[in-house]
Structures are given as C-alpha cells and as structure tokens.
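Here is a friendly walk through the charged side-chain pairs of one model. Have the viewer open as you read.

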Amino acid sequence: MAVDAGFSWAFIAAGAGMQGIALLLARQPLRLLRAGGRAQGVVTGNEEAVVSSGRGSPRHYFLPIVSFTTSQGERIVVTSSSGGRRPMAKDARVDVLYDPAEPHKAVLATFRSLWLFPLITAIFGVPFLLFGISGLL
C-alpha cells in the first residue's frame with residue numbers, strides 16, 4: 001500500500017524537528033564541556049519538589065544542593081535541576097561542570113543531568129524519520 005507523499009514529508013518534518021530539538025538540548029552540556037570548568041562538589045542538603053499531575057497522589061523529588069569551589073577560589077552553592085525520588089546523602093562527593101564565566105549555572109556531571117533528555121528526544125524522532133523515508137521509497 002502506497003503512502004501519500006505529503007504524509008511522508010510530514011513524518012520526516014516531525015522527525016527532523018525532534019532531532020533539531022535534541023541538538024538544542026545538547027548545546028548546554030557541550031558548552032559546559034568546552035568551557036572546561038570542573039570541580040568536586042559536596043552535597044550540603046536536598047530541596048524537596050512536589051509534582052502533582054491532577055490524578056493520583058503528588059510525587060516528591062529531591063534536588064541536591066551542592067557546594068563547590070571554582071578554580072578561582074570562589075565558593076558556589078547551586079541547586080541541581082535534576083534529582084531523584086530519594087535524597088542524596090549529605091556530604092556525598094559529586095563532580096560538577098560549570099562555565100567559569102557563569103559558575104552559578106553549574107550542573108552535576110552525570111549522564112542523567114547532561115544527556116538524558118537530548119538522547120530521549122533523538123530516539124523518539126528516529127521512528128518518524130524512518131517511517132517518512134520508507135513512505136517515499
């Protein structure tokens with residue numbers, strides 16, 4: 001059964017759009033890796049975030065609060081934008097990436113913090129691209 005070319009191009013556009021979004025999401029980790037600011041941080045606490053979806057009970061997430069010292073000797077405290085269902089242990093050592101020009105925008109140097117969302121977005125875009133391309137063949 002033949003697929004309409006317009007339908008195929010719509011799927012290709014959706015898949016390409018998702019790949020573009022994945023690249024945009026990957027810009028921050030790539031910029032931080034190029035900037036070269038690395039430090040060993042210490043978890044000083046956890047900030048609790050409650051997310052309610054309207055159905056079921058609200059979910060509790062814990063965002064680690066990390067303290068680190070830049071290569072210039074400045075002490076910085078940041079709250080991570082990614083966390084988990086359990087709080088990180090106080091005084092745990094974590095690697096931190098930061099831009100020396102903007103050390104207050106530091107992130108934990110973990111796969112989850114750096115690459116999870118770009119990777120998921122890219123993976124979800126591949127079937128759209130493949131379906132669209134196969135419809136043109």
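## Salt bridges around one arginine

In this predicted model, the side chains of Asp99 and Arg31 meet in a salt bridge at 3.1 Å, N to O; the term stands for a side-chain nitrogen of Lys or Arg within 4 Å of a carboxyl oxygen of Asp or Glu. This pair links distant parts of the chain, with Asp99 in strand E4 (residues 93-99) and Arg31 in helix H1 (residues 5-35), 68 residues apart. Helices (H or I, at least four residues) and strands (E, at least two) are DSSP runs, numbered from the N terminus.

Arg31 also forms a salt bridge with Glu102. Glu102 lies in strand E5 (residues 102-108) and Arg31 in helix H1, so this pair ties together parts 71 residues apart in sequence.

| Pair | Distance |
|---|---|
| Asp99 and Arg31 | 3.1 Å |
| Glu102 and Arg31 | 4.0 Å |
| Glu102 and Lys105 | 3.1 Å |

Together, Arg31, Asp99, Glu102 and Lys105 are linked in a network of salt bridges.

What about accessibility? Asp99 counts as buried at 15% relative accessibility, where buried means under 20% relative accessible area, exposed over 50% and partly exposed in between (1.4 Å probe, protein chains only). Arg31 is partly exposed at 30%, as are Glu102 at 32% and Lys105 at 49%.

A note on the numbers: residues are numbered from 1 along each chain as its sequence is written, and side-chain values use heavy atoms, leaving out hydrogens and water. Local features need pLDDT of at least 70, side-chain atom pairs count only at pLDDT 80 or more, and totals for chains, interfaces and linings use all residues.
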